[in-house]
Amino acid sequence: MRFDARRAVLTLAAPLLAIVVAIIVTSLVLAIAGDPVGTVWSTIFSKPKPRNVVNILNQGTVLYLSALAAAVGFRMNLFNIGVDGQYRLAAFVAAYVAGEAWLPGKLNVLFSILVAVAVGALWAGIAGLLKVTRGVSEVISTIMLNSIATALVAYFLRQVAQKGSNNIHTTDIPLSSQLQGFSLIPNAPNNVYTLSVLAVLAGIFFWVMLNRTVFGFNLRATGQSESAAVASGVNVRKMVVVSMLISGGIAGLIGMPLLFGDAHNYGLTFQTGLGFAGILVALLGRNHPVGIAFAALLFAFLNEQSNALQLKAGVSNDIVNIMLGVIVLSVVIAYELVRRYNNAAEQRKVAAQLAASRQPEEVAA
Amino acid sequence: MNDTSEPNTTAVRLTDIGKRFPGVIANDQVNVTVRRATVHALVGENGAGKSTLMKILYGVQKPDSGTIEVDGRQVSFSSPSDAIAAGIGMVFQHFMLADNLTVLENVVLGAEKLHGSGDRARDRIHELARSYGFDLDPDRLVEDLGVGDRQRVEILKVLYRGAHTIILDEPTAVLVPQEVEELFDNLRGLKAEGVTVIFISHKLDEVLAIADDVTVIRRGRTVTTVDPKHTTARQLAELMVGSELPSPSTESSTVTDVVELSVHDLSLADPLGGRDLLTDVSFDIHRGEVVGIAGVEGNGQAELVEAIMGMRKGTGTVGLSGEDISGWSTARRREAGIGYIPEDRQRHGLLLDAPLWENRMLGHQTREPNRKGPFIDRGGARSDTERIVAAYDVRTPSIDTTARALSGGNQQKLIVGREMSGDPVVLIASHPTRGVDVGAQAAIWDYIKTARREGLAVLLISADLDELIGLSDTIHVMLRGRLVGTVDPQTVTPQQLGSAMTGAEVPA
Amino acid sequence: MTQLLDKATTTVRKVRPTWPVVLLLIAAGILLLALLRVITGAEDVASSGTVRAAVRAAMPLALAGLGGLWSERSGVVNIGLEGMMIMGTFGAGWAGYQWGMWAGVGFALLFGAIAGLLHALVTVGFGVDHIVSGVAINIIALGAAQYLAGLAFTGHPGGGPTQSPPVRPLSTFDIPGISNLAQSLADKHWFFVSDLGALVAGLTTQLTFLTIGGLLLFPLTWFVLWRTTFGLRVRSCGESPAAAESLGVNVYLYKYIAVIISGSMAGLAGAFLVQDASVYREGQTGGRGYIGLAAMIFGNWRPGGLLAGAGLFGYTDALRLRSGGQSVHALVLLLAVLLLFYAIYLLRTRRNQAVAGLAMGVGLLAIYLFTDTIPGDFTGMTPYLTTLLVLALFSQRLRMPKADGQVYRKGAAG
């Protein structure tokens with residue numbers, strides 16, 4: 001692909017602009033509330049300690065997986081709002097399976113991951129099937145399935161939980177199946193999740209599938225123009241179901257690095273809300289595997305750095321959620337404006353070139 | 001047409017109207033004078049600039065030059081509201097109706113100040129409907145109405161706002177002959193009540209039947225205004241087409257006796273439960289033959305194409321090179337060698353926001369040179385796009401330009417080039433030169449003729465009768481989902497074909 | 001897909017229930033519940049306490065749904081209801097503990113409206129996808145409420161970063177005469193009569209003016225949207241903005257107004273939660289914005305249907321709270337029997353659906369016979385499962401505004 005400097009600048013300008021807008025808006029909120037604006041930013045943008053760097057990488061990993069899951073749908077105009085339910089249900093079932101340890105050591109890990117992928121895919125597949133057979137909007141059905149998943153997990157968790165313990169959770173994964181992680185960052189007391197490799201693999205898979213395979217072409221074509229895709233021979237119904245399955249399958253992976261690298265069981269304290277954050281990350285990263293990676297790290301960075309706010313600036317770290325939301329809203333607006341500007345600019349450019357070559361004049365209806 | 005200079009009998013006068021779009025001149029020194037309480041027809045080929053002119057009169061677009069006079073006063077419209085205030089109303093070709101609202105709601109919307117939105121409005125609608133002979137129940141949902149009734153709602157909307165000049169943009173394109181008759185009765189009623197009607201069309205028999213004056217527009221300019229009583233359809237057609245347009249000349253026959261596409265008893269039910277969209281359609285196309293389908297739009301041509309492409313499931317059989325492909329998917333049909341130039345290239349033929357080389361793959365993504373196993377062959381696709389751009393004279397800065405940025409003609413040349421590649425045995429060409437410039441039109445005709453010489457079987461659907469006659473070896477006439485006759489393009493004239501399309505008579 | 005839907009919407013005739021039919025249906029409902037109470041012995045299936053609890057649970061759902069209705073009737077999908085509701089709870093808590101609950105209601109309306117304005121700005125002004133904007137608003141609102149709560153409530157007696165100081169709730173009153181009479185009837189445990197009494201007693205005791213005002217918003221919404229010029233214009237934007245614009249309707253303006261009203265309704269829904277709990281609490285909305293949306297879809301984008309949906313969801317929620325397992329268990333029997341009857345009714349016309357209904361009915365019957373109680377988690381699922389079922393079975397009969405969710409740019413007309 002030839003490099004188009006103007007396009008590249010515009011593509012990068014949008015997210016940078018969004019971050020600037022978010023900083024301004026957040027500063028205003030802080031100033032109005034009477035919080036120390038300067039201290040907040042110096043805390044957030046201070047150099048993270050090695051321990052925090054590891055946390056950022058780990059958090060970024062799960063956010064990345066979550067965003068990929070959402071992005072698969074977005075690329076074909078399918079809104080899988082249900083990533084949240086899919087990953088929690090998948091993580092719960094996988095934790096149960098891993099805790100039962102039917103297979104030894106690393107095989108147990110592999111098997112549990114496959115189970116998670118299958119559960120996530122099936123749960124998302126329900127929404128896909130409802131859409132193609134009954135015409136039910138996937139937005140509504142996945143929201144409903146999220147809440148149903150919550151109830152199911154709560155119920156079954158109580159069924160399988162260790163009786164008599166305070167913290168309700170599944171059986172701990174046997175030591176032989178727990179993953180110690182990589183000590184990537186020097187001087188850090190904690191490790192980067194072993195299953196971060198899942199994020200890398202999923203990212204490569206996503207990129208290759210989308211940009212290099214016929215299936216990915218069909219998926220993108222469906223997203224851009226369903227009518228043109230149908231005329232070109234794409235079976236759109238099949239595409240809807242398959243992409244929901246893939247999206248749900250990736251969603252199934254989200255909980256895995258946490259499960260095997262940190263929590264070792266699924267309980268009430270298992271991290272929630274990753275699915276919705278993933279949607280935002282996907283939007284910020286423009287549903288592109290590389291863009292999402294940057295977006296996930298930015299989210300993780302802001303989240304991690306804000307933890308110190310209460311201590312250092314006396315400001316609630318909830319301010320960072322406002323900032324993340326504003327970043328995403330301004331970036332989608334910026335992308336929309338850039339898209340319209342690009343279209344107009346390119347049309348003008350081509351028209352100018354044609355006028356220069358004195359083509360016979362065309363008469364419009 | 002003697003007393004048009006007197007302002008009290010002139011409803012609308014357009015003088016020296018000019019309108020340019022980037023790289024395109026839509027109107028150039030257009031002059032039209034419309035007498036009050038007459039039906040004034042504006043005729044011209046597709047893309048002659050009729051619709052642009054009427055959008056200018058209705059305030060949707062502003063003219064670059066020229067003046068508009070309504071009732072003798074010079075006016076300047078910056079929005080449709082201004083035009084409405086001056087007593088001008090427009091009925092678009094594509095209806096602007098909210099299906100889930102009632103007739104009453106659709107009519108009063110935006111004009112609630114006049115008679116509210118309740119009983120007074122209902123009374124007024126009843127009154128209008130009575131005086132113009134419309135039979136409409138104000139409280140029915142628009143979605144329950146047929147096409148003819150919807151059109152009456154549109155006209156009622158305009159009348160309700162007190163319009164005394166109504167623009168009808170191709171009002172008969174969507175109507176079947178009986179409905180056309182009903183519409184003409186309504187128009188006569190309007191005329192009798194003093195309403196002026198501007199009637200846009202390219203169907204000459206209809207124009208001659210209803211109009212009091214006919215203005216002919218060609219390539220953005222007014223040619224002349226004639227009296228239909230002293231004009232024949234043939235004369236009108238000559239005025240419309242002119243002499244300088246390239247004409248698709250017939251060449252010596254290359255028809256062989258090898259059947260490539262065979263359609264047998266193809267029928268298609270209406271998913272909405274109406275009359276069947278297609279009924280027992282049968283025809284063969286031989287290698288080296290161009291078969292044309294003539295018909296008023298909306299008589300099943302689009303559905304026929306979609307059924308052959310496998311996008312709609314009908315009954316009957318479709319055969320390709322002797323094989324029954326009725327049960328095949330669209331993808332498989334394309335792979336087997338059916339090329340497809342869709343009617344609406346922006347909706348069905350292109351990914352507007354994708355680069356040209358990806359558009360080159362569309363519909364051919366499962367075949368070489370675009371595919372290697374499960375993967376896309378980017379190199380192959382890109383170099384083949386370069387080939388198409390060069391061979392088919394697609395004017396574009398690069399193959400990374402998005403399809404949206406190209407002009408209609410260049411978009412179409414890319415599609416033609418794409419569908420000609422991969423050795424098709426059958427080409428389905430639906431309105432292949434609609435909305436493209438004259439240069440691209442001539443080029444596309446050449447490509448089709450060359451391919452025919454080389455043995456391609458072509459199904460050509462077109463509203464341009466000259467195109468049909470010039471390119472086809474055989475023409476079937478389609479009416480209400482049936483093939484109602486076959487004509488020989490060597491001997492038929494556009495006028496004969498035109499009347500055959502309305503079901504009048506089928507010349508042998 | 002779209003073709004399938006199109007077909008369905010044009011072939012199915014719409015039935016608009018008239019008042020006698022509605023009353024008859026209500027009577028039939030009471031009769032069924034009375035039968036159920038007698039057969040299963042689950043007294044709380046139809047007690048005045050349950051009805052009261054149902055009303056309390058239903059009001060926030062109904063108002064959130066009303067918010068969705070306003071927005072979607074103008075063509076803007078509002079997934080951000082949850083966030084707007086969160087803003088409402090914060091506004092009610094913040095103003096409520098300082099100046100009383102009525103001030104809280106005012107600020108809930110205001111804060112919800114601000115969130116609505118943001119949604120309108122992003123979707124209408126900038127043309128961003130409605131779902132994207134809604135999801136972002138949910139996150140921003142959550143963060144904003146948490147951050148502001150930390151600022152506003154920390155250090156005040158009874159308050160903290162996750163909770164406001166107590167808010168003095170509005171005083172309640174009974175409708176004199178009717179409520180006592182009805183309650184005494186309800187206490188008699190007479191078949192049907194007592195059940196009717198319980199319903200009336202539940203609806204006439206411990207009322208607040210807020211509840212009454214909230215209920216009045218439904219006929220008001222109906223009147224404004226379906227009987228006024230303003231409403232016609234709002235609906236035309238949701239049905240065919242191009243047509244509206246071609247007739248001189250300022251599409252953007254009406255969409256803005258409708259979405260801002262939508263936000264304030266969702267905010268008011270939040271105020272109901274604060275009134276009920278007498279405090280703002282983090283996570284108080286608990287996904288009720290989504291249930292409101294579900295109730296709106298269940299109600300086919302109409303106020304009456306929406307109210308029925310919210311009532312149904314509120315009722316199941318109330319049952320869960322009042323001797324839940326047993327009551328819901330009883331309800332399963334009712335559902336099983338109803339499904340079986342429906343399946344038999346369908347048997348002649350739609351064999352496939354009938355078989356599916358039959359299977360589900362038998363399944364539910366089995367659940368009823370082989371269990372003694374239904375876990376609370378499953379009761380909580382009821383609104384979501386119901387909505388999914390309604391969508392899956394009756395999506396043909398549902399009629400959402402035609403241009404709902406589509407980004408509209410000015411100048412698309414002509």
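## Basis of the model

The structure is a predicted model, in which local features need pLDDT of at least 70 and side-chain atom pairs count only at pLDDT 80 or more, while totals for chains, interfaces and linings use all residues. Residues are numbered from 1 along each chain as its sequence is written, and chains are lettered from A and ligands numbered from 1 in the order in which they are written.

## The chains

Chain A contains 15 helices and zero strands; helices (H or I, at least four residues) and strands (E, at least two) are DSSP runs, numbered from the N terminus. The radius of gyration of chain A is 23 Å, close to the 21 Å that the globule rule gives for 365 residues, so chain A is as compact as a globular protein of that length. The radius of gyration is taken over C-alpha atoms, and the globule rule is 2.2 Å times the number of residues to the power 0.38. The C-alpha trace of chain A spans about 85 × 55 × 35 Å along its principal axes.

Chain C has 17 helices and zero strands. For its 414 residues the globule rule gives 22 Å, and the radius of gyration of chain C is 22 Å, so this chain is as compact as a globular protein of that length. Its C-alpha trace extends over about 60 × 60 × 40 Å along the principal axes.

## Chain B and its domains

Taken along the principal axes, the C-alpha atoms of chain B fill a box of roughly 70 × 45 × 45 Å.

The domain assignment of chain B gives domain 1 (10-241) and domain 2 (259-501); such bounds come from an automatic or database domain assignment. The C-alpha centres of these domains of chain B lie 33 Å apart.

## Helix packing in chain C

Helix H4 (residues 81-99) and helix H12 (residues 251-277) of chain C pack at an angle of about 55°, with their axes 7 Å apart. Axes are lines fitted to C-alpha atoms, for helices over the stretch in contact, and angles run from 0 to 180 degrees between N-to-C directions. H4(C) and H12(C) are therefore oblique to each other; angles under 35 degrees count as roughly parallel, over 145 as roughly antiparallel, 65 to 115 as roughly perpendicular and the rest as oblique. H4(C) passes H12(C) in a right-handed crossing (a crossing is left-handed if the near helix is turned anticlockwise from the far one by less than a right angle, and right-handed if clockwise). The residues of this contact of H4(C) with H12(C) comprise 12 nonpolar, eight polar and no charged. Here Ala, Val, Leu, Ile, Met, Phe, Trp, Tyr, Cys and Pro count as nonpolar, Asp, Glu, Lys and Arg as charged, and the others, Gly among them, as polar.

The axes of helix H14 (residues 303-321) of chain C and H17(C) come within 8 Å and cross at roughly 170°, and the two helices are therefore roughly antiparallel to each other. C:Phe313, C:Thr316, C:Leu319 and C:Arg320 of H14(C) meet C:Gly376, C:Thr379, C:Gly380, C:Thr382 and C:Pro383 of H17(C); residues are in contact if their C-beta atoms, placed from the backbone, lie within 7 Å. This contact of H14(C) with H17(C) includes three nonpolar, five polar and one charged residue.

## Helix packing in chain A

In chain A, the axes of H4(A) and helix H10 (residues 236-253) come within 7 Å and cross at roughly 55°, which makes H4(A) oblique to H10(A). Their crossing is right-handed. A:Val83, A:Gln86, A:Tyr87 and A:Ala90 of H4(A) make the contact with A:Gly248, A:Ala251 and A:Gly252 of H10(A).

## The contact of chain C with chain A

This contact takes 39 residues from chain C and 34 residues from chain A. On the side of chain C that touches chain A, helices H1 (2-11), H6 (130-153), H13 (288-298) and H17 (376-394) of chain C each supply at least two residues. The largest share of that side, 14 residues, comes from H6(C). The residues on the side of chain C that touches chain A divide into 29 nonpolar, nine polar and one charged.

## Local backbone features

A cis peptide bond, with omega about 0°, joins B:Glu368 and B:Pro369. B:Pro369 lies in the loop between helix H13 (356-361) and strand E17 (371-372) of chain B.

A:Ala101 has a positive phi of about 50° although it is not a glycine. A:Ala101 is placed in the loop between helix H4 (83-100) and helix H5 (105-134) of chain A.

Technical notes:
Two residues are in contact if their C-beta atoms, placed from the backbone, lie within 7 Å.
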